[in-house]
Amino acid sequence: MKPNFEGALEQLTRVRGVRGAVVVDAQDGIALAGALRDGEDGDALAALAGAVMMRLVRGSDAAGLGPARLVYLRGDDGLLCAAPFGGTLLIAVLADRSANLGLVRLALLDAVGGLAA
Amino acid sequence: MTDDIRQLTAAVAADPSSLLFLDLAERLRTQRLYRPARTVVERGLERYPTLAAGFALLGRVHCDAGDHAAAADAWHEALRHDASHLEARKGLAYLDWRAGDIAAARAGLEALMHDRPGDAGVRLALAGLDAQSVPTADVTIHEDDAVLAEGTMLVDDAGMRLAGRLQRHGGADVSEAVAAELVGASREAARAARLLGLGAWRDAAVEAATGGLHVVPPTPDALLIAVRDRRTPPGRLAMEAEHAARESRVWLESQG
């Protein structure tokens, strides 16, 4: 059965402050599906999220932390949060400064859990 | 060769009596150009044979290049000219730790702490010693935690360790391996934050199966890395990393 990427992404975009969410093949940074506000660039989000998240995960691997379940990057004006699933895939969420990291984190883990089930 | 190294090289060539040779050697060291760094500082010391800062820097270059005996000689020479020299004393404590003499390393760092209570680097190093000096027999290592590293570490923008360390429960030091990966991640984070409209990046984190990792840039040229096992909640790890980053910022700024 084809995974319901669109449904999972739509759920994520309902979280306050979320500008968009994409499913990314992290190995090549290609967006497989996306739900984005007008004006947001899903391809750029996929490429940049894939690159930074894979780098952070390599650091985590070097520390022997085991498989990553969630990665985030915070800036002064917002955050990027990602969770891997299904081997090389990840969901990346881009949010503005009004977003609550805890809520985005929970919604993302729920979404990944739903896709992995 | 970077522009600042070119400019410093030109400045030192134009005025060989200038103390700018210290800046040039330090920039070469941070770029891991150890041989030219050593040459620059040794030539400078020919003009300033009693300059403790020069011998201290020479010690750091030797140490980074892996020549610990030469590093010890240089740091002892620095202390001969200035018995209170901070970097030389830190360096010798580091060499004690590398040699497995934890008691001597602790004594050196505690003396430094007494003289420089506000020095975040010394505090971080002492915290690292505290983590290491727990008797192995008292540590319960779960099978899946045996390769997990823990600790707090400050590195420069070339991935070279400035203070602290990360050590696996099994004993292996993974500081350099983690630093090498995360310095690259730091650059990617800055780029991604800028291009995605997130502003200046503040921190990043990984939550993983057996623990968590948190990174904070205390300054644009440095990275604070904290790793804890899964008993530390992500929010607390973030707080600890941010606290250590604030102390590191003060220390880095005090270094000029």
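I take helices as DSSP runs of H or I, at least four residues long, numbered from the N terminus. With that rule I placed B:G59 in helix α4 of chain B. The model is predicted.

**Entry 1: B:G59**

I looked up how exposed this glycine is. B:G59 has 0% relative accessibility, and buried means under 20%, so B:G59 counts as buried. Next I listed what B:G59 touches. Setting aside residues up to four places away in sequence, I found B:A71, B:A74 and B:W75. I also checked a C-alpha distance. B:G59 and B:E87 are 28 residues apart along the chain, and their C-alpha atoms are separated by 9.1 Å.

**Entry 2: α4 against α5 in chain B**

I then turned to the helix pair. Helix α4 of chain B covers residues 52–64, and helix α5 of chain B covers residues 68–81. Their axes are 8 Å apart, and the packing angle is about 165°. An angle over 145 degrees counts as roughly antiparallel, so α4(B) and α5(B) are roughly antiparallel to each other. I noted the handedness too: α4(B) passes α5(B) in a left-handed crossing.

Which residues of α4(B) and α5(B) meet? From α4(B) I wrote down B:A52, B:F55, B:A56, B:L58, B:G59, B:R60, B:H62 and B:C63. They meet B:H68, B:A70, B:A71, B:A74, B:W75, B:E77, B:A78 and B:H81 in α5(B). By class, this contact of α4(B) with α5(B) has 10 nonpolar, 4 polar and 2 charged residues.

**Entry 3: B:D64**

Is B:D64 buried or exposed? At 18% relative accessibility, B:D64 counts as buried. Beyond its neighbours within four places in sequence, B:D64 is in contact with B:R29, B:Y34 and B:M160.

**Entry 4: chain B overall**

I counted elements next. Chain B has 10 helices and 5 strands. Of its 256 residues, 48% are buried. I also looked at contacts in chain B between residues at least 6 apart in sequence. Of these, 49% join residues at least 24 apart.

**Entry 5: chain A overall**

I repeated the survey for the partner chain. Chain A has 3 helices and 5 strands. From the N terminus on, I read its elements as α-β-β-α-β-β-β-α. Buried residues make up 54% of the 117 residues in chain A. For contacts in chain A with a separation of 6 or more, 48% come from residues 24 or more positions apart.

**Entry 6: α2 of chain A against α9 of chain B**

Helix α2 of chain A covers residues 42–62. Helix α9 of chain B covers residues 175–195. α2(A) and α9(B) pack at an angle of about 160°, with their axes 8 Å apart. They are therefore roughly antiparallel to each other. α2(A) passes α9(B) in a left-handed crossing.

On the α2(A) side I listed A:L48, A:A51, A:V52, A:R55, A:L56, A:R58, A:G59 and A:A62. The α9(B) residues they meet include B:E181, B:L182, B:A185, B:E188 and B:L195. The contact of α2(A) with α9(B) divides into 12 nonpolar, 2 polar and 5 charged residues.

**Entry 7: the nonpolar core**

How many residues are in the largest nonpolar core? I noted 45. Those with the most contacts inside this core are A:L56, A:L73, A:L80, B:L182, B:V215 and B:I225. Helix α2 of chain A gives the most to this core, with 9 residues.

I followed up B:L182. Not counting residues up to four places away in sequence, B:L182 touches A:R55, A:L56 and A:G59 in chain A. In chain B, B:L182 touches B:L213, B:V215, B:L223 and B:I225.

**Entry 8: A:Y72**

I found A:Y72 in strand β3 of chain A, residues 68–75. At 5% relative accessibility, A:Y72 counts as buried. Leaving aside neighbours within four places in sequence, A:Y72 is in contact with A:L56, A:L80, A:C81 and A:L101 in chain A. A:Y72 is also in contact with B:D203, B:A204, B:A205, B:H214 and B:A238 in chain B. The C-alpha atoms of A:Y72 and A:L101 are separated by 9.0 Å. These two residues are 29 apart along the chain.

**Entry 9: A:V15**

A:V15 lies between α1 (5–13) and β1 (18–25) of chain A. A:V15 has 17% relative accessibility and therefore counts as buried. Leaving out residues up to four places away in sequence, A:V15 touches A:L103, A:V104 and A:A107.

Key. Residues are numbered from 1 along each chain as its sequence is written. Chains are lettered from A and ligands numbered from 1 in the order in which they are written. This is a predicted model: local features need pLDDT of at least 70, side-chain atom pairs count only at pLDDT 80 or more; totals for chains, interfaces and linings use all residues. Side-chain values use heavy atoms; hydrogens and water are left out. Axes are lines fitted to C-alpha atoms, for helices over the stretch in contact, and angles run from 0 to 180 degrees between N-to-C directions. Helices (H or I, at least four residues) and strands (E, at least two) are DSSP runs, numbered from the N terminus. Angles under 35 degrees count as roughly parallel, over 145 as roughly antiparallel, 65 to 115 as roughly perpendicular and the rest as oblique. A crossing is left-handed if the near helix is turned anticlockwise from the far one by less than a right angle, and right-handed if clockwise. Contact means heavy atoms within 4.5 Å. Ala, Val, Leu, Ile, Met, Phe, Trp, Tyr, Cys and Pro count as nonpolar, Asp, Glu, Lys and Arg as charged, and the others, Gly among them, as polar. A nonpolar core is a set of buried Ala, Val, Leu, Ile, Met, Phe, Trp, Tyr and Cys residues joined through side-chain atoms within 4.5 Å. Buried means under 20% relative accessible area, exposed over 50%, partly exposed in between (1.4 Å probe, protein chains only).
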